[in-house]
Amino acid sequence: MALPLHALRIFAAVAELRNFTRAAERLYVSQPAVSKMVLELERQLDLRLIERGSQPLKLTDAGERLYQHARAILDAERTAEAELAALRGLGTGRLLLGASTTIATYLLPTIVGHFHEQYAGIRITMKSANTRRITDLLLDYQLDIALVEGPAEDPRIEMRPWHSDELVIIAPPRHPLAGRTGLPPAALAELGFIMREPGSGTRNVTEAALARCNLQVRTELELGSTEAIKEAVAAGLGVAMVSRASIVDQLSLRRLVLLDVPALQCRRPLFQLLRKGRRPSAAVAAFMPYLYGETLCLVH
């Protein structure tokens, strides 16, 4: 039995958005048409795909399996379209980038800008989230390229070293420890720390660095972005460990200072994640030289 591609596209939208009306709006069709197509799929398969009456909408086990296959099929369709576009000189196409917050904010924009200068016809979408969420999006075929700050432990994913990043301790300029050198980790024991949310690669690296020094600190705040953390530190609400790449401007303006704690100095690897068995599109292949050729000189 062959399932129509447009039916899989509709079902995938319903499964992703967990809502018939929103799926209809995304696909520019009527809500009854969406409902009718899902019912027709269930009739053809002789399987229930949606749990009726559940809020939010839930998929049955069969629905979850069909959704995963639908995502793979639709991804293959998009890859084929991109390869055909390449035969026309890569004048059109689409590139879906996903990166954890620090990478998306401070490392990728320059790379994307240079790529866009050469391939202005490629439509680029970039999603920013913590490492855990970016990994999930890649597994769901919603990203072509994923760049993260932490490891991804999933057998369906291949990790490729991409870059490295230095993490530093920041404080407001008038902090009592500002300007002192060779601080022992114990000097931070009584300070309030401002942390990223659980699931963040920066949060994981910070906790690992503190654990290596047998240092327990008080978490003063949890914030969802590096920008929010920098503002909170500048306001005197605590200290934090962040990427050096994120504070270049604030250091030059003396809104933030570094605390010299040699035992906590660390570099973390950054990774590109690949979904095993997935064939890269022409747009992805064109982007790779920019990704690996330019990042080496961005931050050291």
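Leaving aside its neighbours within four places in sequence, which residues is P172 in contact with? The contacts are A178, V233, A234, G236, G238, R255 and V257. The structure is a predicted model, and the mean pLDDT of the chain is 87.

**Confidence**

- Of the residues in the chain, 93% reach a pLDDT of 70 or more.
- Confidence is lowest in α4, where the mean is 78, and highest in β10, where it is 96.
- Residues 295-300 have a pLDDT below 50. Beyond near neighbours in sequence, this stretch makes 12 contacts in the model.

- P172 sits in the loop between β6 and β7.
- With a relative accessible area of 13%, P172 is buried, because burial is set at under 20%.
- A235 is 63 residues from P172 in sequence, yet their C-alpha atoms are 7.1 Å apart in space.
- Among the contacts of P172 are V233, A234 and G236, and R255 and V257 also belong to that list.

- Strand β5 covers residues 145-148 and pairs with two strands named here, β3 and β11.
- β3 (residues 93-100) runs parallel to β5, and 3 bridges join them. In this pair, G98 stands opposite A146 of β5.
- β5 and β11 are antiparallel and also have 3 bridges. A146 has L273 as its bridge partner in β11, and V148 stands opposite F271 in β11.
- A146 therefore takes part in both pairings, with G98 opposite it and L273 as its partner in β11, as a strand pair is defined by bridges.
- In a regular strand the side chains alternate between the two faces of the sheet. In β5, I145 and L147 point one way, while A146 and V148 point the other way.
- All four of these β5 residues are buried.
- β6 and β11 pair in the antiparallel sense over 10 bridges. Within this pair, P161 stands opposite F271 of β11.
- Of the 10 residues of β11, 8 are buried, so the strand is largely enclosed by the rest of the structure.

**The second largest pocket**

- The second largest pocket holds about 260 Å³ of space.
- It is lined by 21 residues, and those closest to its centre are D144, L274, R278, P280 and V284.
- β11 gives the most to the lining, with 4 residues.
- By class, the lining of this pocket has 9 charged, 8 nonpolar and 4 polar residues.

**The largest cavity**

- The count of cavities of 30 Å³ or more comes to 1.
- About 30 Å³ of space lies in the largest cavity.
- Its lining consists of I194, M195, R196, T202, R203, T206, I229 and M241.
- The elements that give two or more residues to this lining are β7 (192-196) and α8.
- The lining of the cavity divides into 4 nonpolar, 2 polar and 2 charged residues.

**Residues with positive phi**

- N214 has a positive phi of about 50° although it is not a glycine.
- N214 lies in the loop between α8 (201-212) and β8 (218-223), and N214 is exposed, with a relative accessible area of 72%.
- R254 is not a glycine either, and its phi is positive at about 60°.
- The loop between α10 (248-252) and β10 (257-259) holds R254, which is exposed at a relative accessible area of 54%.

Technical notes:
Residues are numbered from 1 along each chain as its sequence is written. This is a predicted model: local features need pLDDT of at least 70, side-chain atom pairs count only at pLDDT 80 or more; totals for chains, interfaces and linings use all residues. Side-chain values use heavy atoms; hydrogens and water are left out. On a 1 Å grid over the protein atoms alone, a cavity is a set of points where a 1.4 Å probe fits but cannot get out, and a pocket is an open set with protein on both sides within 12 Å along at least five of seven lines; lining residues have an atom within 4 Å of a point. Grid points are joined across faces, edges and corners, and a volume is the space filled by probe spheres set on the points. Ala, Val, Leu, Ile, Met, Phe, Trp, Tyr, Cys and Pro count as nonpolar, Asp, Glu, Lys and Arg as charged, and the others, Gly among them, as polar. Buried means under 20% relative accessible area, exposed over 50%, partly exposed in between (1.4 Å probe, protein chains only). pLDDT is the predictor's confidence in each residue, from 0 to 100. Contact means heavy atoms within 4.5 Å.
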